[in-house]
Amino acid sequence: MSTAVDDDLWSAIGDPTRRRMIDLLLAEGQGTATTLSAHLPVTRQAVAKHLVVLDRVGLVRSEPSGREKRYHVDEAQLARAVAQLNSVGAMWDARLRRIKSLSEAIQRAKNTKK
């Protein structure tokens, strides 16, 4: 199964603060910039900017809630990200097996020359 890697999605997930925000949203089910900032070492404004990035790549969705937006994780997009990660992991596992096989063949060739 080959899943194309979405660079924008992985760039968004690559930030540790945004990953922590996703964890918090998954644990709580939803949150606002204000509620999330209470659990993070960054300002509410910084959280709001991170949420814009996550929203742009589709990892979170928002709905108006008074003067703020209430965010929740888009589970379909998160599942897509997980599928991409699994695909990349499988690809690297295959590469590492090939490298190991080549290394073992080189070692066997050296041992037979002795």
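User: Why does arginine 61 count as partly exposed?

Analyst: In this predicted model, arginine 61 has a relative accessibility of 36%.

User: What makes the contact of aspartate 74 and arginine 61 a salt bridge?

Analyst: The side chains meet at 3.1 Å, N to O. The cut-off is within 4 Å for a nitrogen of Lys or Arg and a carboxyl oxygen of Asp or Glu, so the pair qualifies as a salt bridge. Aspartate 74 is in the loop between β2 and α5, and arginine 61 is in strand β1, 13 residues apart.

User: Why does aspartate 74 count as buried?

Analyst: Its relative accessibility is 17%. Buried means under 20%, and therefore aspartate 74 counts as buried.

User: How do you know that arginine 44 forms a salt bridge with glutamate 68?

Analyst: Their closest N and O atoms are 3.2 Å apart. The limit is within 4 Å, so the pair is a salt bridge. Arginine 44 lies in helix α4 and glutamate 68 in strand β2, so the pair ties together parts that are 24 residues apart in sequence.

User: Why is lysine 100 called exposed, whereas glutamate 104 counts as partly exposed?

Analyst: Lysine 100 has a relative accessible area of 52%, and exposed means over 50%.

Key. Residues numbered from 1 in each chain as written. Predicted model: local features only at pLDDT ≥ 70, side-chain atom pairs only at ≥ 80, totals over all residues. Heavy atoms only, no water. Helix = DSSP H or I, 4+ residues; strand = E, 2+ residues; numbered from the N terminus. Buried < 20%, exposed > 50% of the residue type's maximum accessible area, 1.4 Å probe, protein only.
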